Amino acid sequence: MNTKLYKKVHTQAIELLKAADAENDDMFQKLYEELRQLCVDNETVDRMNHPVQWETLADFTEDSDQAQLYYQKALTSAKEVQANDYLASIYYALAQIQCELNNSKEAVELAVLANKHAAKIADKELKAEVKALLKSLE
């Protein structure tokens with residue numbers, strides 16, 4: 001992964017969190033738009049189109065339909081680079097959205113995929129969250 005891209009996205013996420021915590025909607029919207037534009041600008045550049053940017057954008061998107069579109073872009077990118085950590089977290093996020101929308105069948109299918117990829121990574125916290133989600137959907 002491009003270190004410069006990761007640092008930019010990470011910094012942007014921290015600033016978005018600060019703006020949200022301060023309830024500074026104007027700053028949040030400005031930062032959100034900068035992140036969205038970064039994603040759009042990088043979308044057609046193979047070495048710069050990484051799931052981290054799309055997943056982060058989706059994480060800060062309040063509209064569930066729009067968030068799902070961004071997660072799908074992240075998913076496509078994660079599949080291309082075979083990044084199980086991103087695949088697990090993206091499927092998990094998509095499953096959570098389906099839970100919120102009361103789409104249990106879709107939520108289970110996505111949670112199963114998240115669990116499949118989580119089994120291949122070291123992140124114990126994400127593994128536990130995925131397992132808890134699956135259990136809650138039983």
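The stops below concern a residue, a helix and a pair of helices.

This is a predicted model, in which local features need pLDDT of at least 70 and side-chain atom pairs count only at pLDDT 80 or more, while totals for chains, interfaces and linings use all residues. Residues are numbered from 1 along each chain as its sequence is written, and side-chain values use heavy atoms, with hydrogens and water left out.

Begin by selecting threonine 56, which is found in helix H3 (residues 51-59). Helices are DSSP runs (H or I, at least four residues), numbered from the N terminus. Threonine 56 is buried, at a relative accessible area of 11%; buried means under 20% (1.4 Å probe, protein chains only). Leaving aside neighbours within four places in sequence, threonine 56 is in contact (heavy atoms within 4.5 Å) with Val9, Ala13 and Leu35.

Next, select residues 104-118, which form helix H6. Which residues of H6 are buried? They are Ala107, Leu110, Ala111, Ala114, His117 and Ala118. Seen down the axis of H6, these residues fall within an arc of 120 degrees (taken from the directions from the helix axis to the C-beta atoms), so they line one face of the helix. Their cover includes helix H5 (84-100) and helix H7 (124-136).

Finally, select helix H4 (residues 64-81) together with H5: the two pack at an angle of about 160 degrees, with their axes 9 Å apart. Axes are lines fitted to C-alpha atoms over the stretch in contact, and angles run from 0 to 180 degrees between N-to-C directions. H4 is therefore roughly antiparallel to H5, a term for angles over 145 degrees. Residues making the contact include Tyr71 and Leu75 of H4 and Ile90 and Leu94 of H5.

Methods:
Expected span 1.5 Å × (residues − 1). Buried < 20%, exposed > 50% of the residue type's maximum accessible area, 1.4 Å probe, protein only. Parallel < 35°, antiparallel > 145°, perpendicular 65-115°, else oblique.
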